[in-house]
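Please keep the structure in view while reading.

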Amino acid sequence: MPAHEIAMEMGGEVAAALADGKPVVALESTIITHGLPYPENLAMARGVEEVVRARGAVPATIALVKGVPIVGLEPAQIEALASDKAAGKASARDLAVMMVRGESAGTTVSSTMLLAERAGIRVFATGGIGGVHRGAETTFDVSADLIELGRTGVAVVCAGSKSILDIPKTLEVLETQRVPVIAFGTDEFPAFYTPHSGHAAGLRLDSPDQIARAMRLHQRLGVGTGMLIANPIPAAAALDAKAIETTIAQAVADADRQGIGGKALTPFLLARINELTKGGSLTANIALVRNNADLAARIAVALAATP
Ligand code: PSU
Ligand code: MN
């Protein structure tokens, strides 16, 4: 469906790049509104766009602004969103209703994938995806991100998932949904703050060019799903595995005790981890998002090089 039919707006630079077949990288915004505190979120959002540009690609930060889905926010819009305490969190299912109500919101991996695909963007960088939460066997808390990956043809570059999630169950659901989980330069699925989760990703590729070729074949085969590219955090930025595991367990226990659930759970856990580490997790988080933006841009460049 053409963008105008769903009242989506594209930033001028993004529209021009897409029309010319130039590389574009989509970026999500729930990480801005609910993932990192202000003003670090703003510095991160700007920095990540610079990383994409440095590789010769055009960044397209996606969000809902006053009821309009925007693909390619202007710098002033990023600034406004980063400091907007009233901004919501929009998953794909929320978009239509939030549009009717004229709301502003960060878009999750799920809604960002959907809007990116509608705009014609095929590569997307984020920090961590949502997945199957610990205790999902009783709460049924499985992120819509996994469902979107199972039906929307966009490659999502992430640093694996935090152990706020049940990593083996998350990998099982991705397998069921026919989503290839490709570890970049490693055999292991990374665990966000550390390069190691102890679980095999199942698939491995070692260059952006190989990933771009696999994306093209995946599309031509008509599998119809996205791809998850798991890019380990750079060793120098990685946190101590034992210490962060203890922190995460504490955050999960706090959420449980306070009865936090539904869409509030992930933002609660992210904020709690940040509090408990006194901001120490923030540096790692920013480093890995930048690293993912860099890889995503290299993939987008490789993809644009061969039509
Ligand atoms: N995990 C992170 N950082 C994040 C998120 C998840 O480490 O910022 C955000 C992403 O936007 C993701 C969303 O798509 O949370 C998932 O929310 P939920 O678990 O409610 O589906
Ligand atoms: Mn959930």
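The crossing of helix 11 and helix 12 is right-handed, meaning that the near helix is turned clockwise from the far one by less than a right angle. The model is predicted: local features need pLDDT of at least 70, side-chain atom pairs count only at pLDDT 80 or more, and totals for chains, interfaces and linings use all residues. Residues are numbered from 1 along each chain as its sequence is written, and side-chain values use heavy atoms, without hydrogens and water.

**Helix 11 and helix 12**
- Helix 11 (residues 241–257) and helix 12 (residues 265–276) pack at about 130°, their axes 9 Å apart; helices are DSSP runs of H or I with at least four residues, and strands are E runs of at least two.
- Residues making the contact (heavy atoms within 4.5 Å) include Ile 244 and Ile 248 of helix 11, and Phe 268 and Leu 269 of helix 12.

**Strand 10 and strand 11**
- Strand 10 (residues 188–191) pairs with strand 11 (residues 194–200) in the antiparallel sense over three bridges; pairing requires at least two DSSP bridges.
- Glu 188 has Ala 200 in strand 11 as its bridge partner.
- Two residues lie between the strands of this hairpin, where Phe 192 takes a positive phi near 65°.

**Asn 292**
- Asn 292 lies in helix 13 (residues 280–305).
- Asn 292 counts as buried because its relative accessibility is 0%, the cut-off for buried being under 20% relative accessible area with a 1.4 Å probe, protein chains only.
- Beyond neighbours within four places in sequence, its contacts include Ala 125, Cys 158 and Asn 231.

Notes:
Chains lettered and ligands numbered in written order. Axes fitted to C-alpha atoms, helices over the stretch in contact; angles between N-to-C directions. Buried < 20%, exposed > 50% of the residue type's maximum accessible area, 1.4 Å probe, protein only.
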